[in-house]
Amino acid sequence: MNRIIILAALVAAPLLAPALAQEAALADQTEFVSYDDLDLGNAADVRILDRRIRTAVEAACGPASNADPAGRNEVRRCRAETTARVAAQRNVAIAEARQPVRTASVD
């Protein structure tokens, strides 16, 4: 199964009170993005993969509330850092999909 693993952690956990920090540490989220059904040699399918990654990052980092500016900033930071970490997996998947298929010739 081809998939990208997205792991997001609440970056502000050390800033919280000890009880809240422990709860936040348990709130780390892992999301999986499958791309078995996509042809990553095709630009349209790469856009679909990017959309799936963005949706998974949003789910892993949680919602951003306008009522809590500090929390909103934390969610934005989580999303930016998580997206940056996932970029390498995404790029490898695309590069592998674009590799020419080599077949052995039988003489």
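Contact here means heavy atoms within 4.5 Å. I am working from a predicted model.

**Entry 1: Val-33**

I looked up what Val-33 touches, leaving out residues up to four places away in sequence. I found Asn-2, Arg-3, Ile-4 and Ile-6 on the list. Leu-49, Arg-52, Ile-53 and Ala-56 are on it too.

**Entry 2: the core**

Next I turned to the largest nonpolar core, which has 17 residues. Which members touch the most others? I noted Ile-4, Ile-6, Val-33, Tyr-35, Leu-40, Leu-49 and Ile-53. Strand S1 (3–8), helix H2 (43–61) and H3 each give two or more residues to this core. H2 supplies the largest share, with seven residues.

**Entry 3: the pocket**

I then checked the largest pocket and read about 180 Å³ of space. Its lining has Asp-50, Ile-53, Arg-54, Val-57 and Glu-58. Arg-79, Thr-83, Val-86, Ala-87 and Arg-90 also line this pocket. H2 and H3 are the elements that give two or more residues to the lining. By class, I recorded four nonpolar, one polar and five charged residues there.

**Entry 4: Thr-82**

Last, I looked at Thr-82 in helix H3 (residues 69–98). Is Thr-82 buried or exposed? Its relative accessibility is 1%, and buried means under 20%, so I wrote down buried. I also checked the side chain of Thr-82. One of its polar atoms lies 2.7 Å from the backbone oxygen of Cys-78.

Methods
Residues are numbered from 1 along each chain as its sequence is written. This is a predicted model: local features need pLDDT of at least 70, side-chain atom pairs count only at pLDDT 80 or more; totals for chains, interfaces and linings use all residues. Side-chain values use heavy atoms; hydrogens and water are left out. Helices (H or I, at least four residues) and strands (E, at least two) are DSSP runs, numbered from the N terminus. Buried means under 20% relative accessible area, exposed over 50%, partly exposed in between (1.4 Å probe, protein chains only). A polar contact is a pair of N or O atoms within 3.5 Å; within protein, one must be able to donate a hydrogen and the other to accept it, and residues adjacent in sequence count only if both atoms are side-chain atoms. A nonpolar core is a set of buried Ala, Val, Leu, Ile, Met, Phe, Trp, Tyr and Cys residues joined through side-chain atoms within 4.5 Å. On a 1 Å grid over the protein atoms alone, a cavity is a set of points where a 1.4 Å probe fits but cannot get out, and a pocket is an open set with protein on both sides within 12 Å along at least five of seven lines; lining residues have an atom within 4 Å of a point. Grid points are joined across faces, edges and corners, and a volume is the space filled by probe spheres set on the points. Ala, Val, Leu, Ile, Met, Phe, Trp, Tyr, Cys and Pro count as nonpolar, Asp, Glu, Lys and Arg as charged, and the others, Gly among them, as polar.
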